[in-house]
Each structure stands twice: as structure tokens, then as C-alpha cells.
Amino acid sequence: MSAGECQTRNVTEDDDASDAPPPLDSEDIALLKSYGLGPYSVPIKEIEDEIKKHQQTVKDLIGIKESDTGLSQPSQWDLVGDKQMMQEEAPLQVARCTKIIAGEEGAGEGGAGAGAG
């Protein structure tokens, strides 16, 4: 070894790329899957699946599902009643203000204030 050469190496000359680890069998795979799991992991997973199944059953029995828009299902719409209500109520009037017109009170106060001051 020369004076400037590194004494530690990442790869030694003895390593061969053909030296692959043996393939995993079913027992090794089962061990890896259970690694890090607690003693109650499997029963908890089974109960969570059962809860999801019961939630789906409840949703099916209720039959009402809200949409993202907040509208109810078309089968629950009352089109005739809505049409009658729209005919009975006065329609809303919408306008856009494009110019402000000074009234008599605004002009009288402004003129008197300017002359007095």
C-alpha cells in the first residue's frame, strides 16, 4: 500500500457479481410480511374489513346520497311545486349602476356649504 492510498474500500477484489443471495421461499416471504406487525394486527385488519362491510350495508339501506353540488336526487325534486312558487313570487330585479346622478338634496347642501365657507 502506498502512502496516499485509502485503507478502506467499498468493493474488494474478491467480490463477484455472480454471488447472488439465494431466492426467498414461502416461509421467508411470510416472515418478511409479518415483520414489524404487532400481535393484534391481523384481528384489527379483519375487524376493519367487517366495519367497512357494515358501513356499505347501512349506506345501501339508507338510499340517500348527497352530491357535491348539494342537490338532492332527481327522484326527490318537486318540479310542479317549484314552478308554482316561482309564479306566485315577484321576480327579482337586477340592475347595474353605471352613473351616479346627484339629487336635489346633495346639490343644495353642497352649494350652501361652498358659499358659506
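This passage describes the secondary structure, confidence and solvent exposure of a predicted protein model. Local features were considered at pLDDT of at least 70 and side-chain atom pairs only at pLDDT 80 or more, whereas totals for chains, interfaces and linings use all residues. Residues are numbered from 1 along each chain as its sequence is written, and side-chain values use heavy atoms, with hydrogens and water left out.

The secondary structure of the protein chain comprises 4 helices and 0 strands, in the order α-α-α-α from the N terminus; helices are DSSP runs of H or I with at least four residues, strands are runs of E with at least two, and both are numbered from the N terminus. Confidence, expressed as pLDDT (the predictor's confidence in each residue, from 0 to 100), averages 78 over the protein chain, with 71% of the residues scoring at least 70. Within the chain, the mean is highest in H2, at 92, and lowest in helix H4 (residues 104-116), at 54. Where pLDDT is low, the predicted coordinates should not be read in detail.

Just after H2, Gly63 adopts a positive phi of about 80°, and H1 is followed by Gly36, with a positive phi near 90°.

Buried residues make up 0% of the 117 residues in the protein chain, where buried means under 20% relative accessible area, exposed over 50%, and partly exposed in between (1.4 Å probe, protein chains only). In helix H1 (residues 26-34), the count of buried residues among its 9 residues is 0. Asp25, in the segment before H1, is partly exposed, with a relative accessible area of 39%, and a polar atom of its side chain lies 3.2 Å from the backbone nitrogen of Asp28.

Methods: A polar contact is a pair of N or O atoms within 3.5 Å; within protein, one must be able to donate a hydrogen and the other to accept it, and residues adjacent in sequence count only if both atoms are side-chain atoms.
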